Amino acid sequence: MLIIDGKKVSLDLKNELKASVESCLASTGKVPGLTVIIVGHDPASQVYVRNKAKTCKEIGMISTVIEMAADTTEKHLIDTIHELNNDPAVHGILVQQPLPKQIDEFAVTLAIDPSKDVDGFHPENLGRLVMGHLDKCFVSCTPYGILELLGRYNIETRGKHCVVVGRSNIVGKPMANLMLQKLEATNCTVTICHSATKNIPFYTQQADILIAAIGKAGFITADMVKPGAVVIDVGINRIEDSSTKSGYRLVGDVDYEGVSAVASAMTPVPGGVGPMTIAMLLKNTLQSFQRINGL
Ligand code: NDP
């Protein structure tokens, strides 16, 4: 079985992005800038934001983190976003989710200028994706990273049956719509499953490409997978493990051991889809800089 190594691909991609940032600097005297806003003190969000800032710096982009108190008002957050929308040194704006209860996440998403929405969550970007205008939108980072992995591993997609389990706005829906597009790297027949789907194995067993974005450890078992399928595991779940220092370990939505005996190719967790997500965020930020500067 082929292990689709997201860690390696993301390193390759970061090296390519670093070279592109250097050529941006050479041709314009400027580099792309990403601003991340974090509201409150959610420990997982703090780790994600730190990693994004660190990777940004590694490839030579400007990274700014704005930290706001947990009791920040929606108005203050949106006013700050409006300032960033008008700041020419900012090419990408990201508001780390989840947000505290007093803030409406959708209102915040709508406040971000779609041309700086490098997370690809704004309805204008999602709408353009659905319409197939991928060169005129930002594709949300996790689905975009999966597309990159499929491409770099030359996984055939045309006419294949892709089954996506999960329909969130940030993973499942953009993923399914991406695989549906009439592009060389997609062009699949797509089925989407979710919590109200009856008999999920009936669908997953027909998948040539199975993408699991559920948030349930080991949900996809070997008996649900067609022999020879390509299996992409988006899930990141913490399970208790007393043999580790932290007392837990990360596993995906796919039972890796069982499914690896059936699948032809598969992403591991960790080291599969996860590392690609930050790399694609930086790719989107570079793309924003290039569009704004007419490169
Ligand atoms: P959400 O919780 O927003 O969505 C989960 C989806 O799975 C929903 O559509 C839900 O259905 C569906 N679902 C839940 N339980 C079942 C079930 N028993 N049977 C069928 N479908 C079910 O999660 P996200 O999409 O944000 O994330 C999914 C997973 O991916 C999580 O583990 C998350 O941590 C991980 N993730 C990983 C990223 C990475 O970079 N690798 C990035 C983003 C997420 P319904 O709509 O009916 O509720």
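**Ground rules**

I'm working on a predicted model, where local features need pLDDT of at least 70 and side-chain atom pairs count only at pLDDT 80 or more, while totals for chains, interfaces and linings use all residues. I number residues from 1 along each chain as its sequence is written, and my side-chain values use heavy atoms, with hydrogens and water left out.

**Domains**

**Largest pocket**

Next I went looking for empty space. Rolling a probe the size of a water molecule over the atoms shows where such space is left. My search runs on a 1 Å grid over the protein atoms alone: a cavity is a set of points where a 1.4 Å probe fits but cannot get out, a pocket is an open set with protein on both sides within 12 Å along at least five of seven lines, and lining residues have an atom within 4 Å of a point. Points are joined across faces, edges and corners, and a volume is the space filled by probe spheres set on the points.

The largest pocket holds about 1500 Å³. I count 47 residues in its lining, and Y48, T142, I236, G274 and T277 are the ones nearest its centre. Elements giving two or more residues to this lining are helix 1 (6-28), helix 2 (43-58), strand 4 (92-95), helix 6 (141-152), strand 9 (237-240), strand 10 (248-251) and helix 10 (273-292). I take helices (H or I, at least four residues) and strands (E, at least two) as DSSP runs, numbered from the N terminus. Helix 2 gives the largest share of the lining, eight residues.

Where does the largest pocket lie relative to domain 1 and domain 2? Both domains give residues to its lining, so the pocket lies between them.

By class I find 23 nonpolar, 15 polar and nine charged residues in that lining. My classes: Ala, Val, Leu, Ile, Met, Phe, Trp, Tyr, Cys and Pro are nonpolar, Asp, Glu, Lys and Arg are charged, and the others, Gly among them, are polar.

**Second pocket**

The second largest pocket has about 220 Å³ of space. I list Q97, E105, F106, T109, F121, P123, L126, N169 and I170 as its lining. Helix 4 (105-111) and helix 5 each give two or more residues, and helix 4 has the largest share with three.

**Cavity**

I find one cavity of 30 Å³ or more. The largest cavity has a volume of about 60 Å³, and V95, Q97, V108, T109, I112, D117, D119 and F121 line it. That lining divides into four nonpolar, two polar and two charged residues.

**Helix pairs**

Under 35 degrees is roughly parallel, over 145 roughly antiparallel, 65 to 115 roughly perpendicular, and the rest oblique.

The axes of helix 5 (residues 123-130) and helix 7 (residues 172-180) come within 9 Å, crossing at roughly 30°, and the two helices are therefore roughly parallel. In contact (heavy atoms within 4.5 Å) are L126, L129 and V130 of helix 5 with P174, N177 and L178 of helix 7. I sort these residues as five nonpolar, one polar and no charged.

For helix 1 and helix 6 the axes come within 11 Å and cross at roughly 100°, so I call this pair roughly perpendicular. Here G6, V9, D12, L13 and E16 of helix 1 meet E148, L149 and R152 of helix 6. This contact has three nonpolar, one polar and four charged residues.

**Backbone**

I noted a cis peptide bond between Q97 and P98, omega about 5°, with P98 in the loop between strand 4 and helix 4. Another cis bond joins V269 and P270, with omega about -5°; P270 sits in the loop between strand 11 (265-266) and helix 10.

Last, I checked N154, a residue other than glycine with a positive phi, near 50°. N154 is in the loop between helix 6 and strand 5 (161-165).

Note on methods
Axes are lines fitted to C-alpha atoms, for helices over the stretch in contact, and angles run from 0 to 180 degrees between N-to-C directions. Domain bounds come from an automatic or database domain assignment.
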